[in-house]
Protein chains: 2
Amino acid sequence: MFEQRLAALRRSLAQSNLDALLVTYLPHVRYLTGFSGSNGHCFVGKRTEYLLTDNRYRDQVKEEVHGIRVVITKKSLSEAAAGLPVFSGSMRLGIESQYLSVAGLATLKKRLHRVTFVKTQSLVERVAAIKDKSEIDSIRRAVDISERVFRRIVEFVRPGMTELDVAAEIGYLHRKLGAEADAFEPIVASGRRGALPHARASSKKIRSGELVTLDFGCRVKGYNSDLTRTVAVGRPLARARKIYQVVQDAQRIAIEAARSGMAAKALDGVARSYIRKKGFGRYFSHSLGHGLGLQVHEAPRISSLSKDVLLDGNVVTIEPGIYIPEFGGIRIEDDIVVRNTHPEVLSRSPRELLIL
Amino acid sequence: MFEQRLAALRRSLAQSNLDALLVTYLPHVRYLTGFSGSNGHCFVGKRTEYLLTDNRYRDQVKEEVHGIRVVITKKSLSEAAAGLPVFSGSMRLGIESQYLSVAGLATLKKRLHRVTFVKTQSLVERVAAIKDKSEIDSIRRAVDISERVFRRIVEFVRPGMTELDVAAEIGYLHRKLGAEADAFEPIVASGRRGALPHARASSKKIRSGELVTLDFGCRVKGYNSDLTRTVAVGRPLARARKIYQVVQDAQRIAIEAARSGMAAKALDGVARSYIRKKGFGRYFSHSLGHGLGLQVHEAPRISSLSKDVLLDGNVVTIEPGIYIPEFGGIRIEDDIVVRNTHPEVLSRSPRELLIL
């Protein structure tokens, strides 16, 4: 599993004419080595790789990391990396410039005079965007837990509860059903607050007649789920039903259209142009979706500006939404695996408007 | 409140002969401006300051940020920062080199030819280490919630439950009692697993006769609590009682010794030398404590290597522990405010060994 990931990364390094890469971003360190601690760097050379961490993780490394040399250090990880025995002679070392700090690079440069530092972008992220079977299985398990939580939550929600009450219940059920943690703080946005796509749960009470957007996910073996349903508490307005139908239809045609080889921005356009045609274009204020894995947001990005191309094995969210100030918002989000043919939809919760 | 923080930072900039500072680390951006979103930079000049963020946070900024100019941008924040109208002429701009990425600095340098970039370290962190009254009040509220959770948890824990069951209950109660979130994933480590200071909760069942270490905290207005108690489920071994007493005494004398003006490493030494004298020196494998605020771990660091000096208004944890492989571990952690006289102890849960 890790051998294949390292081999894919090495192909990518060779294409960029690099001898090695220093990986400092923790989700990528975990992806390449299995190490899940809070302090780690990873060096990937043509034939060797090293994981660097500190003494707190001595036991954890033994459980998690196999077939990779481990360096336990008391120094900063940049200092320890500069001391690796791999830097004999001149070489081209890639550094992921979005993640390595200015101080970290200064430490490396001070010690490694014969190394040429080459700024790279998204090398590991592009490899990690194509999921293997074990990764998809973990995401599937996380999706399954979140869907069981959703079934219980729709029984639980009652007018008079606060959004925070519902968020607390979601987090509790995630853990009780076997997740490691919430993937992110659950979003529970009711009534007018639904018009804020990134609203967290608040102490606002849920009232009868309101729409409630529930956006939540959990983590299994480090892999995340990310689902959204908007439900009605009591009888919704006709306007809400109409907008809901637009979002539901936009999501369905986007899921049906997703294929490997397609430009991500073209897929965003499928949902966006449908919503625009229905007259709500200016109210769909975010991108259609994003890759999902060890990070809740990762490559590929499915937006109108994205330069990514969808590939077989990408796991992505499809989450159109319409947000009308002073009225509220509706979003529906599912997780799919991109394939050469019809995508595999990991989430199976009903997409029709549920009236509680 | 923010005016005072900005004024303190400006004094620090003047001492370093800097005209301005670009702040890219989110907890520091929040500290200086109040903005709690997930994408923000802050520029602090001699007379002006700017907050930069993106369109998702347009409404949130209006609620959270007052008296500071706001720039909403579609560009990367480094690009947008380079476009601020403050960079006319030559100037010395501080950048926090531990946090600014190599890519971010490259973007700034490409646009700002007349600016001299000066790498700084911990400028904001040192200012933020001295808490004002409103910050201490938020931490006190977070501590209060966590202590109420602890009182309920000791009624809840029963042999046969898993560690994850207990962690789920902690997270649930935090939110139900009004916290925004857990400060970190609760640590529940029972029996031999207690010997791993950083063990998270697992699916291991808690058995009668075991010690259980509970390390948890919550967040109120962005500020964190961080508490640990080790309890016995059923009758503990005499050896466990003896070690518990050593940890409890070490913690008490360290709390009593804490004073502003004291070297943090001297305070670490107070607990460490006591534990060493009792014969457990090699089993106290981490530092005595750390600053606590918008981050769970921040300045000052209370370790044997720390160069920090304790100052009036620091909020720190005092958390000695003894970890014996194959046997288990004991840790007791409280949160205190450092003063010129006796410290103010924010947490009041009993420190005696509780037998459930």
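**Figure 1. A three-stranded open sheet in chain B.** In this predicted model, three strands of chain B line up in the order E7-E10-E11. The sheet is open, and the pairing is antiparallel. Its edges are strand E7 (181-182) and strand E11 (223-224) of chain B. Each of these edge strands pairs on one side only.

**Figure 2. The pairing of E10 and E11 in chain B.** Strand E10 of chain B covers residues 218-220. Two bridges join E10(B) to E11(B), in the antiparallel sense. Look for B:Arg219: its bridge partner in E11(B) is B:Asn224.

**Figure 3. Helix H7 across the strands of chain B.** Helix H7 of chain B spans residues 133-156. H7(B) lies across E10 and E11 of chain B. The helix runs at about 140 degrees to E10(B).

Figure 4. B:Ile153 sits in helix H7 of chain B. The residue counts as buried because 22 other C-beta atoms lie within 10 Å, where 20 or more are needed. Leaving aside residues up to four places away in sequence, B:Ile153 touches B:Val166, B:Glu169, B:Ile170 and B:Leu214. One of these contacts, B:Glu169, is 16 residues from B:Ile153 in sequence. In space, the two are 7.6 Å apart, C-alpha to C-alpha.

**Figure 5. Where chain B meets chain A.** On chain B, 25 residues are in contact with 25 residues of chain A. Two helices of chain B give two or more residues each to this side: H5 (102-111) and H8 (163-176). H8(B) gives the most, with seven residues. By type, the chain B side divides into 14 nonpolar, five polar and six charged residues.

**Figure 6. The two domains of chain A.** Chain A is divided into domain 1 (2-128) and domain 2 (133-345). The C-alpha centres of these two domains of chain A lie 34 Å apart. Their contact takes eight residues from domain 1 of chain A and six residues from domain 2 of chain A.

**Figure 7. The side of domain 1 of chain A that touches domain 2 of chain A.** Helix H2 (26-33) and helix H6 (123-128) of chain A each supply at least two residues to this side. The residues here divide into three nonpolar, two polar and three charged.

Terms used: Residues are numbered from 1 along each chain as its sequence is written. Chains are lettered from A and ligands numbered from 1 in the order in which they are written. This is a predicted model: local features need pLDDT of at least 70, side-chain atom pairs count only at pLDDT 80 or more; totals for chains, interfaces and linings use all residues. Domain bounds come from an automatic or database domain assignment. Two residues are in contact if their C-beta atoms, placed from the backbone, lie within 7 Å. Helices (H or I, at least four residues) and strands (E, at least two) are DSSP runs, numbered from the N terminus. Ala, Val, Leu, Ile, Met, Phe, Trp, Tyr, Cys and Pro count as nonpolar, Asp, Glu, Lys and Arg as charged, and the others, Gly among them, as polar. Two strands pair if DSSP finds at least two bridges between them. Axes are lines fitted to C-alpha atoms, for helices over the stretch in contact, and angles run from 0 to 180 degrees between N-to-C directions. A residue is buried if 20 or more other C-beta atoms lie within 10 Å of its own, exposed if 12 or fewer, and partly exposed in between; C-beta atoms are placed from the backbone.
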